[in-house]
Amino acid sequence: MSDTDLSHIKGLSRVEKRSIRTSTEISFDPPEQIAFQHTVLCQTSMPYRNQGETVRRWERKQGNVSLLIEAGSAINPVTDEWVELGLPFGPKPRLILAHLNAEALKQGSPLIEVEESLTAFVRRIQNPLRVGKSGPNGYEIGVFKEQLSRLSTATIRLAITTGERAMQINSQIVDAFDLWFTKDERQRVLWPSTIHLNEKYFASLQKHAVPLDERALSALAHSSMALDIYTWLAHRLHRIPKGKPQFIAWASLKEQFGQNYGRMVDFRSRFLKALQQVVCQYQDAEMEDDHRGLTLFHSRPPVPPRPMVAIRKPVD
């Protein structure tokens, strides 16, 4: 199906036009590009906003799952000195990780050449009006590469508690990479051109990957909260037993998604706006909201499950 022409409609923002276009495409056509997120990261999240250069730790808790992200460092190949990189934040590391997961699963290997694949991914995710024929907007690709560097050097600790016992996993999603400066002298971004996913993470991903429609990610790419809600619903809704809806109170939703909100009224307003954007892209999602919270019903997943055909490649 060709792109929906919205050029004649006045008063729509860039985000609204993209949302309408992708929603229409999703209604008529199955996805050509599928991204993936790990089930654990569908339940916990990275920072929405920049925490500042002095903040080196990020903690989140959702139910019995606890997440700790610690910012890392990388060697500067020019000065041969260690450089502290900040915590990953915002929509872009979420999008990058979904892309890296997809590339690894498609290739059947944790080793990923990211330069060409990341550029192509950014072209698909970003508004085509801001992408030239020769490549993505320079500022956009620079920000993506910076967030890739932050994500690649960060250490992620995950703990799951059951009663009086706790299972803790200490890991880096990316455990090896080739670090380069970008060729563009105007944007000297330190970034990995080749990465190797942690073997334990890759093995777990092969068992616990949640498929996502890349068109929906494109439509929601402006909002960390909307991306988190979409991946959460993609992971959760199809697991709910038919005829046994699940209720979630606003307090629990605020604990999971309201990291930047003090007042419940502000969070609830923002959450419902983001949820409306998500439902435009995940049209089979069934739920009801009221003054108490959100009731979730069994729904078809946004991407029907399909067998993975990739063959594991040997890694040197």
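At what angle do the axes of helix α7 (residues 224-236) and helix α9 (residues 264-281) cross, and within what distance do they come? They cross at roughly 65 degrees, and the axes come within 9 Å. Keep in mind that this is a predicted model.

**The big picture**

The protein has 316 residues, and 50% of them are buried. Its secondary structure comes to 9 helices and 14 strands. If you take the contacts between residues at least 6 apart in sequence, 66% of them join residues at least 24 apart.

Two packed helices are described by the angle between their axes and the distance between the axes. Here are the pairs side by side.

| Helix pair | Angle between axes | Axis distance |
|---|---|---|
| α7 and α9 | roughly 65 degrees | within 9 Å |
| α2 and α3 | about 125 degrees | 11 Å |
| α2 and α7 | roughly 35 degrees | within 8 Å |

Back to the opening pair: α7 passes α9 in a right-handed crossing. On the α7 side, the contact is made by Met225, Ala226, Ile229, Tyr230 and Leu233, while α9 brings Phe267, Arg270, Phe271, Ala274, Leu275, Gln277 and Val278. Sorted by class, that's 10 nonpolar residues, 1 polar and 1 charged.

Next up is helix α2 (residues 91-107), which packs against helix α3 (residues 114-125). At about 125 degrees, the two helices are therefore oblique to each other. Their crossing is right-handed. Who meets whom here? From α2 you get Leu95, Ile96, His99, Leu100 and Glu103, and they meet Val114, Ser117, Leu118, Phe121 and Ile125 of α3. The class count for this contact is 7 nonpolar, 2 polar and 1 charged.

Helix α2 also packs with α7, and is that crossing left-handed or right-handed? The crossing of α2 and α7 is left-handed. Pro91, Arg94 and Leu95 are the α2 residues in this contact, and they meet Ser224, Leu227 and Asp228 of α7. That splits into 3 nonpolar, 1 polar and 2 charged residues. Leu95 is worth a click in the viewer: it meets residues of α7 and also takes part in the contact with α3.

**Some buried spots**

Which residues does Leu253 touch, not counting residues up to four places away in sequence? They are Trp232, Ile248, Gly258, Phe267, Phe271 and Leu294. Leu253 itself sits in helix α8 (residues 250-257). With a relative accessibility of 0%, Leu253 counts as buried, because the cut-off is under 20%. As for Leu294, its C-alpha atom is 8.5 Å from that of Leu253, although 41 residues separate them along the chain.

Over in strand β2 (residues 57-62) you'll find Trp58. Its relative accessibility is 10%, so Trp58 counts as buried too. Leaving aside neighbours within four places in sequence, Trp58 is in contact with Ser45, Met46, Pro47, Gln51, Leu67, Leu68, Ile69, Leu87 and Gln259. For a sense of chain separation, Trp58 and Ile156 are 98 residues apart along the chain, with 9.5 Å between their C-alpha atoms.

Then there's Val303, found in the segment after β14 (293-296). Val303 has a relative accessibility of 2% and so counts as buried. Apart from residues up to four places away in sequence, Val303 touches Pro31, Ile34, Pro211, Leu212 and Asp213. Glu214 lies 89 residues away from Val303 in sequence, and the C-alpha to C-alpha distance for that pair is 9.9 Å.

**And one on the outside**

Last, take a look at the loop between β4 (73-75) and β5 (82-84), which holds Asp80. Is Asp80 buried or exposed? It is exposed, at a relative accessible area of 61%. What about its backbone? Asp80 isn't a glycine, yet its phi is positive, at about 60 degrees.

Note on methods
Residues numbered from 1 in each chain as written. Predicted model: local features only at pLDDT ≥ 70, side-chain atom pairs only at ≥ 80, totals over all residues. Heavy atoms only, no water. Helix = DSSP H or I, 4+ residues; strand = E, 2+ residues; numbered from the N terminus. Buried < 20%, exposed > 50% of the residue type's maximum accessible area, 1.4 Å probe, protein only. Contact = heavy atoms within 4.5 Å. Axes fitted to C-alpha atoms, helices over the stretch in contact; angles between N-to-C directions. Parallel < 35°, antiparallel > 145°, perpendicular 65-115°, else oblique. Left-handed = near helix turned anticlockwise from the far one by under 90°. Nonpolar A, V, L, I, M, F, W, Y, C, P; charged D, E, K, R; others polar.
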